[in-house]
Amino acid sequence: NKKVATVSKGKIKAKKVGTSKIFVTVKGKKGKAKKTWVKIKVVKKLPKKTGNNGSGTSNPSKNPQQKGDGNDSGGSDNSDDIGDITRQQWISDLMDYAGMDMYNTSNDSSFSDVSSDSRYAWAIEMALQNNVITQNEKDSNKFYPEKYASEIFAVETSVRALGFEYANIDECIKIAQDTGLVDVDDTPGKSLLTNWQSDAILEQVAEIAMPPEIDPNAEQIVETSAVNLDSVDNGGDIISCDINEETMAGTLILKPESTVSVGNCVMIPDEVISNAAFPYGLAQEITEITVQDDKTLLVATILPSLDDLMGEDGEINIQGVSDEKDAIFEVSDTADEELLELMSLSSKAQPKISISKKVDEDGRKCFEVKAQDESKQGFYGTVKIYSPTVDYKADIKWFGPVPTEIKELYLALDGEAKVSGGLQATKESPEEPKSIKLGEVKIPLSVPAVFADIELYLKWSVTGKIELEYSLKHTLGIQYKDGHMRKI
């Protein structure tokens, strides 16, 4: 992950907090070279210790009076015990090993007992922003930073930091056991966390959080029930083929001797599709066949469901990195009306709205939402959402109508958005955040059958007047790991 650290001419350069694996060549005493993976951890540089009471201490009181344990601040029977690691120390280490980021860099502390001057405040705030810990208003929003961390506190925060979701503590422990955070025979409880337990959990956190190695040159395997229409032996000679980019439906003209039928799934090679939006070809399902006067076949098609495409015995085993130039944008039919309604919340607003697919001056595809309001009493300005690239890896087998064996699934989207303009909201603005679907982006993943289908939303919740201009880069996605799905 070159966003975390890079190696050049024998020197490591840290770029952001996180953990990375880097492939390097090392030489032994006799000059023999060997290539190997090196794990690099980049941590935030901490100021020198300045004293106690949350301002830099690493040696908490031997008899901490604060009670509470668990993810928030529930009661504990071991408040007088002495442990190895405080809650603030654990959260600081966990944020480093999980590679977390802050999206709001305010210096204010959200907890009443965490000083904004504390060297751990940034990590605690980061954990709160990423839902690794939560606030408890019934307990005066206390975190108990100098209380010793328990085993279950470490496990629960680790599971959350990695993006796994669970309904209760038993599910949380099951995820921790299945993913190797703890031994399958261990049931973490309120016992205090030891140094060796901390090291073992953090090492596994870093291992799970590490993106999988992706080889873009690997063999791409997609085995389906679809007929391959570029083969003369199948009688599937294609005279012409046109695909609608937005609906993904097609119209084909086939030679008279073609042997296809309604309900067939077919693979159409890229070289016969008239528009260039499908660089790897496309899978289609035949919905209608009409014999024309010249005996050629006029065939109507739609994009098949993945289950229909895979059939009774299918397989997807692919990996790679998508090219953002291949992205297909589709604007939502209702987005402009919803945005117009939103902008008109101000009685003085005279808005004009447009949502369109654009190619900017750098040749990059994007959604552009442009709002004009001469009175500047409503929403005005421009939002550009660029096509993301997708790192992907999938190994899935079908036995029957549903995928029954998911060995691996990884999708990570690297995207960017630019916003400039302003918003004048009134007391009529909605109390709850409002989400408006702008559209969808379909990104082909190196094979004709599979797309990453991404829905884009504009989420609006603001009071008062805002003037803004910023650029946001983000990474998000999912990974199926050890029988559990996690968010990235």
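The model is predicted, so local features need pLDDT of at least 70 and side-chain atom pairs count only at pLDDT 80 or more, while totals for chains, interfaces and linings use all residues. Residues are numbered from 1 along each chain as its sequence is written, and side-chain values use heavy atoms, with hydrogens and water left out.

Two packed helices are described by the angle between their axes and the distance between the axes. Here, helix α3 (residues 151-161) packs with helix α4 (residues 169-178) at an angle of about 80°, and their axes are 10 Å apart. That angle makes α3 roughly perpendicular to α4 (a term for angles of 65 to 115 degrees). On the α3 side, the contact (heavy atoms within 4.5 Å) is made by I152, V155, E156 and V159, and α4 brings I169, C172, I173, I175 and A176. Sorted by class, the contact has eight nonpolar residues, no polar ones and one charged residue.

Most residues other than glycine have a negative phi. Y144, although not a glycine, has a positive phi of about 55°. Y144 sits in the loop between α2 (121-129) and α3. Its relative accessibility is 9%, so Y144 counts as buried (under 20% relative accessible area, with a 1.4 Å probe and protein chains only).

K295 is another residue other than glycine with a positive phi, near 75°. The loop between β10 (282-291) and β11 (297-302) holds K295. With 56% relative accessibility, K295 counts as exposed (over 50%).

Note on methods
Axes are lines fitted to C-alpha atoms, for helices over the stretch in contact, and angles run from 0 to 180 degrees between N-to-C directions. Helices (H or I, at least four residues) and strands (E, at least two) are DSSP runs, numbered from the N terminus. Angles under 35 degrees count as roughly parallel, over 145 as roughly antiparallel, 65 to 115 as roughly perpendicular and the rest as oblique. Ala, Val, Leu, Ile, Met, Phe, Trp, Tyr, Cys and Pro count as nonpolar, Asp, Glu, Lys and Arg as charged, and the others, Gly among them, as polar.
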